[in-house]
Amino acid sequence: MTPALSPVGRFAPTPSGRMHLGNVFAAMLAWLSVRSRGGTMVLRMEDLDTQRTGEEYARVLREDLLWLGLDWDLETEPQSRRSAVYEDYFRRLEEQGLLYGCYCTRSQLHSVNAPHLSDGTYVYPGTCRDLTDAQRAAMNRAPAWRVKVPDRLWQVNDWVQGTYVENLATDCGDFVVRRADGVFVYQLAVTVDDGEAGVTEVVRGMDLLSSAPRQMYLQELFGFPHPEYAHVPMLMAPDGRRLSKRDRDLDLGILRQRVRPEQLLGTLAASAGLLEKPEALSAKELATVFSWEKIKKESICLTEL
Ligand SMILES: [Zn+2]
């Protein structure tokens with residue numbers, strides 16, 4: 001691994017409810033990675049889905065992070081207020097002739113296409129790539145916008161997962177950057193936001209590993225350097241289930257009533273392989289023993305709290 005000299009990391013929570021332990025776990029590792037090397041943390045609210053998100057949730061998220069001792073140096077503009085910025089990058093793709101409108105319905109996409117390598121979405125076969133102007137006009141509705149992908153390999157040298165390789169042409173296909181309703185998708189927004197904030201390392205859940213090649217491609221098109229990646233294992237409940245927002249007993253609203261932040265962080269750190277056994281330690285104390293080499297690669301079962 002080749003960490004940047006002055007790392008810049010980020011928290012990028014979706015303000016749609018209380019953090020659950022899986023979110024806390026990824027946030028803790030993102031913070032430890034950066035702070036253990038004297039770097040900068042950036043906070044950004046990923047609230048593209050304005051139906052599900054809100055400022056009240058964002059306020060509680062900030063308060064929860066500070067309760068945990070996971071602080072940040074600056075908060076950048078939330079995604080919901082950056083449509084004009086995303087539009088500018090979208091136009092750049094258009095000017096390069098890389099965009100086209102896709103009129104396929106969800107059921108059409110599912111019926112003919114093979115599943116993507118790992119995340120369950122479908123490999124897009126380019127159905128709408130070469131529609132004529134007359135064919136487009138006949139559709140009589142707004143399309144989603146896809147970016148053309150090159151036939152070439154993208155390699156993620158992940159700090160936790162090792163090497164992950166994808167050919168976007170065969171494993172993903174041309175992908176959507178703007179939905180038919182005009183909303184920009186996560187892949188475009190996250191690339192622009194991380195790039196403009198100068199983020200040098202992206203620490204997040206393993207479920208997003210397969211989106212990294214798409215973001216690396218967009219980074220290249222927009223002229224941003226590639227950040228380092230660390231996709232951390234998903235946290236499982238003590239009985240082996242994957243934690244989700246439905247596990248209300250493990251969200252911070254409930255947990256804060258019965259545990260101290262040091263106990264919570266120490267338990268997560270021990271579950272991850274950072275400590276030999278759970279002990280109550282602050283985020284600052286954990287930063288002194290942090291190293292990516294110690295973090296387990298496979299799913300991590302939470303020790304009882
Ligand atoms: Zn299509």
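**Reading a zinc site and its surroundings**

Modeller: Let's start at the metal: the site of the zinc ion is tetrahedral, with angles of 101 to 121° among its four donor atoms. Keep in mind that this is a predicted model.

Biologist: Which ideal angle belongs to four tetrahedral donors?

Modeller: For four tetrahedral donors, the ideal angle at a metal is 109.5 degrees. To be called tetrahedral here, four donors need all angles between 85 and 135 degrees. The zinc ion has angles of 101 to 121°.

Biologist: Which residues coordinate the zinc ion?

Modeller: The zinc ion is held by the SG atoms of Cys102, Cys104 and Cys128, together with the OH atom of Tyr124, at 2.1 to 2.3 Å. Along the sequence, the spacing of these donor residues reads C-x1-C-x19-Y-x3-C. Cys104 and Tyr124 link distant parts of the chain, being 20 residues apart. Cys104 sits in the loop between strand 4 (99-102) and helix 4 (106-112), while Tyr124 is in the loop between helix 4 and helix 5 (133-139).

Biologist: Are Cys104 and Tyr124 buried or exposed?

Modeller: Both Cys104 and Tyr124 are buried.

Biologist: Now let me zoom out. How many helices and strands does the chain have?

Modeller: There are 11 helices and 12 strands in the chain. Its C-alpha atoms fill a box of roughly 65 × 40 × 35 Å along the principal axes. Of the 305 residues, 51% are buried.

Biologist: What about charged side chains? How many salt bridges does the structure hold?

Modeller: To read one, look for a side-chain nitrogen of Lys or Arg within 4 Å of a carboxyl oxygen of Asp or Glu. The structure holds 24 salt bridges. One of them joins Asp193 and Arg82, at 2.7 Å from N to O. Asp193 belongs to helix 7 (residues 186-196) and Arg82 to the loop between strand 3 (74-75) and helix 3 (83-95), so this pair ties together parts 111 residues apart in sequence.

Biologist: Why does Asp193 count as buried?

Modeller: Asp193 counts as buried because its relative accessibility is 4%. Arg82 is buried too, with a relative accessible area of 10%.

Biologist: Which other residue forms a salt bridge with Arg82?

Modeller: Glu196 does, with the closest N and O atoms 2.9 Å apart. Glu196 is in helix 7, and the pair is 114 residues apart. At 43% relative accessibility, Glu196 counts as partly exposed.

Biologist: Where do Arg178 and Glu87 lie?

Modeller: They form a salt bridge, with the closest N and O atoms 3.1 Å apart. Arg178 lies in strand 8 (residues 175-178) and Glu87 in helix 3, so parts 91 residues apart in sequence are tied together. Arg178 is buried at 14% relative accessible area, whereas Glu87 is partly exposed at 22%.

Biologist: Which buried residue has no salt bridge?

Modeller: Look at Glu166, in strand 7 (residues 162-167). Glu166 is buried without a salt bridge, and the nearest side chain of opposite charge, Arg214, is 5.2 Å away. The side chain of Glu166 does make a polar contact with the side chain of Tyr164, at 2.5 Å.

Terms used
Residues numbered from 1 in each chain as written. Predicted model: local features only at pLDDT ≥ 70, side-chain atom pairs only at ≥ 80, totals over all residues. Heavy atoms only, no water. Donors = N, O, S within 2.8 Å, 3.2 Å for Na, K, Ca; no water. Tetrahedral: all angles 85-135°; square planar, octahedral: opposite > 155°, others 65-115°. Helix = DSSP H or I, 4+ residues; strand = E, 2+ residues; numbered from the N terminus. Buried < 20%, exposed > 50% of the residue type's maximum accessible area, 1.4 Å probe, protein only. Lys, Arg positive; Asp, Glu negative; His and termini not counted. Polar contact = N/O pair within 3.5 Å; in protein donor to acceptor, adjacent residues only side chain to side chain.
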